[in-house]
Amino acid sequence: MDLYGSKERFDIFPEEPSGRGDRSLGDTRRESALSSEKVQCPQEVGYDLEKEVAELAKMYGLDEDREKELELLGGHLEKVESRWSPAHTEKAGSQDSIYNISKSSSSVRDSSQSTKQQGLPDEASQGENQSKARADDEAESSIWSRGGLSSGGVSDEWNSQAVSEEEEEEEEEEAEAADVFCSTCKIPIRAFDKLFGDHKDHEVAQLPSAVESEKEEIHKNMCKLEEQIAQMENVASHLEEIFITVEENFGRQEQNFEVHYNDAVQVLAQKYEEQLEALGEEKRQKLEALYEQLVSCGKHLDTCKELTDETQELFLENDKAEFMKVKSFNCPKFLKQEVDLELSTLPDFEERVIDVSEVEQLMNSINAIPAPCAPVINPQAPNAATGTSLRVCWGLFSDDTVECYQLCYQPVSNERHSDGQAEHTLKVKETYCTITDLLPNTQYEFWVSALNASGISPPSERAVYVTAPSPPTIKNKKIRSCENAALVCWESRDINPVDSYTVELSKLTDEENDDFITESIVGIPNCEVLIHLQPTQKYHICVRAQNLGGSSERSEPVLIHTTGTCFYLNEDTAHPLLAILDDGFTISCDELENPECDLPVYDNSFTRCIAILGSLIPFPGKHYWEVEVTEDTEYRIGVAFENTPRHGHLGANNSSWCMRHIITPSRHKYEFLHSGMTPDIRITVPPRRIGILLDYENCRLSFFNADIAQHLHTFNSHFQHYVHPCFALETPGILRIHTGITTPPWTALP
Amino acid sequence: MALKQISSNKCFEGFQKVFEHDSAELKCKMKFGIYLPPKAETGKCPVLYWLSGLTCTEQNFITKAAFQQAAAQHGLIVVAPDTSPRGCNIEGEDESWDFGTGAGFYVDATEDPWKTNYRMYSYIKDELPKLINANFPTDPERMSIFGHSMGGHGALILALKNPGKYKSVSAFAPICNPIQCQWGKKALGGYLGPDASKWEAYDATQLVKSYSGARLDILIDQGKDDQFLSAGQLLPDNFIAACTERKIPVVFRLQQGYDHSYYFIASFINDHIKHHAKYLNA
């Protein structure tokens with residue numbers, strides 16, 4: 001017995017451990033390949049299914065124009081059939097059933113054609129002979145095509161037509177024979193059958209009316225069928241959608257499985273390798289130990305043998321003394337030595353704890369989903385904002401499963417220390433959210449994270465959105481207008497600047513559609529715009545402020561009548577003693593000198609002449625306004641340049657033109673002053689209402705007694721700049737200014 | 001009432017013409033100037049009558065006043081008659097420049113030997129408009145009147161004595177109160193007799209005091225350096241005072257440096273044409 005040979009006996013596995021590992025890995029791969037093949041199998045099945053669904057969809061006319069489909073229904077179904085036959089020759093049964101469908105649908109077509117004929121009976125009867133002749137030909141061709149020759153769509157249609165007309169022909173033949181309809185037997189009969197034949201007691205109807213009612217019935221059925229077709233189409237398309245969804249979802253899951261199982265397999269393989277290695281090591285150690293024991297056993301055996309031999313020799317020794325000498329031989333000593341017969345190692349291998357927790361985890365995680373990736377937040381879309389709300393949108397980069405999103409936002413602030421500024425967080429199911437209760441025209445920073453059961457994604461990039469501005473406020477009292485234009489100004493209600501303003505104007509008509517926007521002026525950078533209008537109209541004007549986020553709500557509208565020129569009084573030019581009454585257009589002066597002399601004086605106000613300027617009249621063309629005066633009031637009224645000296649008298653310089661009224665002891669004196677000069681004019685009727693016509697184009701400033709249309713005086717002066725109306729009181733009294741007056745026709749000529 | 005064309009000259013696309021006719025009122029041949037604006041070729045136009053001053057014929061105004069452009073622009077027919085009957089062989093008619101020929105004073109004379117021919121008031125008021133309306137494309141409803149000096153007096157009294165007949169009236173340096181001035185006293189005394197109360201019927205200042213009727217808008221231009229103003233022949237202040245009292249609207253413009261001549265008239269003729277056009281074309 002060879003001790004070394006016995007080693008082979010322990011060698012249970014025929015190859016080296018490492019080689020075995022490789023092979024087993026290969027096996028696993030093969031297996032996994034096999035499994036993936038198995039996975040592919042359902043896919044193939046799925047593909048087949050898909051194909052079938054597609055075919056079904058086609059059959060129900062999902063892909064093509066429905067009307068056309070209806071018309072070609074018979075032919076098309078035949079087409080479907082012919083397409084199916086080579087592919088599914090073995091499916092004879094289904095083919096047959098479809099063939100049946102095609103037949104029935106061609107009969108549907110027949111009825112529809114007969115309905116058509118019903119609609120046009122005259123024409124039908126006229127073309128009857130012709131169609132009969134044609135039907136003969138076509139019947140032949142239909143037989144020819146039914147003989148199994150594959151044919152295109154056109155000829156298919158042709159066929160069905162032919163079939164229908166063939167049947168018509170039959171009907172007609174029957175009609176020739178029968179003239180009444182037996183309602184009981186549901187067949188057409190000859191009239192005398194009713195009288196004498198089997199149908200004697202049966203209820204009969206005239207054939208045409210019977211046909212009518214029957215056709216009506218058929219028509220109803222047709223409608224029902226059409227409804228059903230539509231319904232089925234809907235269902236089919238819905239199914240198709242579901243089909244796609246299922247496919248997508250399962251595909252994703254497959255991928256997921258593949259990834260996870262691959263991981264698990266890898267981990268297992270690794271474990272296996274580790275175990276094998278450990279096992280081999282143990283085996284080696286055990287074998288070595290056993291071998292040592294074996295060797296020592298052998299040695300012991302040898303010693304025993306020697307001792308036995310020596311003893312036997314000793315036995316043969318006759319010399320008793322010699323014998324006794326040797327008696328103390330080392331045999332007893334040797335025997336005293338204990339022979340270790342215990343097995344140094346156990347043949348069975350140690351219990352090993354196999355750690356499969358990792359695999360378990362992996363296996364468990366197969367059905368779990370990974371935490372999503374960071375979503376991508378969209379930049380602000382135009383017009384997605386109002387003054388107080390923003391619509392924020394984002395998307396996912398990957399196909400991650402997301403349960404909800406966590407949207408955070410905070411106002412953008414230039415001051416860094418305001419980090420503690422309210423940061424809001426919202427949970428949102430959709431990939432968009434409308435946030436309300438925001439401040440107008442304010443920038444907000446948004447970021448979003450996706451959440452699912454496995455965790456939360458990192459946040460998206462931060463996107464800055466801006467809310468739309470607040471509606472501006474039109475300065476009602478600062479509106480200037482004339483027959484052809486208006487100058488509107490407004491102020492922003494926001495602290496932050498806006499990009500531009502839009503002015504919307506609607507012409508008011510007597511009709512109801514009041515708020516019809518007739519014009520919009522966009523991209524106005526300032527808070528002021530000159531609008532061209534039509535004379536003698538009413539306009540509603542509103543303003544919107546615009547920024548990146550969108551446009552504000554409309555401002556409160558202002559009403560503008562383009563009846564005449566409107567201006568307002570510049571209070572800051574008023575002499576301290578001059579008061580503007582509540583209506584804004586009546587100026588008064590109670591006393592000429594103030595004993596206290598501590599009245600506030602603006603930089604821009606008149607200091608000497610108790611005067612005030614109206615606002616600039618910035619429109620070319622003609623402008624007319626009136627001033628109501630009393631006979632005993634001394635005044636100066638006219639126009640002046642912006643820079644007319646505030647310390648001087650109106651008309652005393654070359655920057656103002658005015659009519660002056662003075663009361664002398666003998667009479668009313670009227671002066672028409674410019675540069676201190678006046679023509680010598682006597683006016684017999686003191687005007688109470690003075691009309692002033694400013695005509696930039698014709699370089700003319702005229703004064704009228706408006707009550708009697710009397711021309712008083714005209715300055716002919718080319719105004720280099722636009723002018724302001726001006727008014728001054730030289731004695732206590734009041735002047736009442738009237739604006740928005742249509743220029744009277746009599747002002748055209750002096 | 002046959003018209004005889006004496007002359008015709010194209011002027012500002014219209015025509016300045018002179019006609020002669022036999023006047024039934026004045027019992028002599030009378031001439032008048034008429035400007036037909038281009039508009040008269042296609043439609044009816046209002047007529048503006050011009051009454052000239054002492055010594056003038058129909059020629060002075062049409063040759064010196066330079067009114068045609070404005071008249072063409074506003075589409076007005078402007079008729080300028082002579083200032084008195086001529087060639088009536090009345091004793092003393094040519095003796096002085098301020099009485100008789102060239103000084104009809106737009107009155108209907110009641111005294112011999114003038115009362116047969118010197119009926120300028122009726123001639124201007126009735127015969128001439130009839131003649132014009134019969135022979136030219138006029139709108140009889142729209143007429144106005146203006147004049148210079150004695151013609152200004154004529155224009156004022158015709159407007160004041162016939163409320164509503166004239167749409168408007170204006171005057172250059174008119175004799176406003178003839179009963180108070182030398183010219184007036186001589187002429188009115190001569191034509192109407194010594195009874196001064198009869199003169200008042202032809203005195204603008206007197207007529208204003210009793211005027212009632214259609215509203216008038218009177219425009220008067222007066223040269224400040226007019227020798228007859230300072231001579232007290234024109235007396236506009238009296239007229240203005242009367243108008244002020246009666247609230248008759250007048251714009252009286254005292255034009256610095258101008259005298260009584262046609263240069264003065266030409267300087268302001270456009271204002272007057274516009275003044276009339278405003279009412280005639282309203």
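A polar contact is taken here as a pair of N or O atoms within 3.5 Å, of which, within protein, one must be able to donate a hydrogen and the other to accept it. In the predicted model, such a contact of 2.9 Å joins the side chains of H260(B) and S149(B). Both residues belong to the "active site" feature that an unreviewed UniProt entry places at S149(B), D226(B) and H260(B). Although these positions are spread over 112 residues of sequence, they cluster in space, with a largest C-alpha distance of 10.8 Å.

Within this group, H260(B) is found in the loop between β9 (250-255) and α10 (262-280) of chain B and is buried, with a relative accessible area of 12%. Leaving aside residues up to four places away in sequence, H260(B) touches H148(B), S149(B), A173(B), D226(B), F228(B) and L234(B). D226(B), for its part, is found in the loop between β8 (218-223) and α8 (227-230) of chain B and is likewise buried, at a relative accessible area of 1%. The contacts of D226(B), counted with the same exclusion of residues up to four places away, comprise A173(B), L234(B), Y258(B), D259(B) and H260(B).

In chain A, strand β26 (residues 635-640) is largely enclosed by the rest of the structure, because six of its six residues are buried. Both faces of β26(A) are covered, with Y635(A), I637(A) and V639(A) buried on one side and R636(A), G638(A) and A640(A) buried on the other. The strand is joined by six bridges to the antiparallel strand β27 (residues 656-663) of chain A, where G638(A) stands opposite C658(A). Six bridges also join β26(A) to strand β33 (residues 724-729) of chain A, again in an antiparallel arrangement, and the bridge partner of R636(A) in β33(A) is A728(A).

The count of disulfides over all chains comes to zero. As to accessibility, C297(A) counts as partly exposed at 32% relative accessibility, whereas C726(A) is buried, with a relative accessible area of 0%.

A further annotation in chain A comes from an unreviewed UniProt entry, which places the feature "coiled-coil region" at residues 262-293. In the model, this span is 100% helix and 0% strand, and its end C-alpha atoms lie 46 Å apart.

Notes. Residues numbered from 1 in each chain as written. Chains lettered and ligands numbered in written order. Predicted model: local features only at pLDDT ≥ 70, side-chain atom pairs only at ≥ 80, totals over all residues. Heavy atoms only, no water. Disulfide = S-S within 2.5 Å. Buried < 20%, exposed > 50% of the residue type's maximum accessible area, 1.4 Å probe, protein only. Helix = DSSP H or I, 4+ residues; strand = E, 2+ residues; numbered from the N terminus. Pairing = 2+ DSSP bridges. UniProt positions renumbered as here; feature names shortened; annotations may be inferred. Contact = heavy atoms within 4.5 Å.
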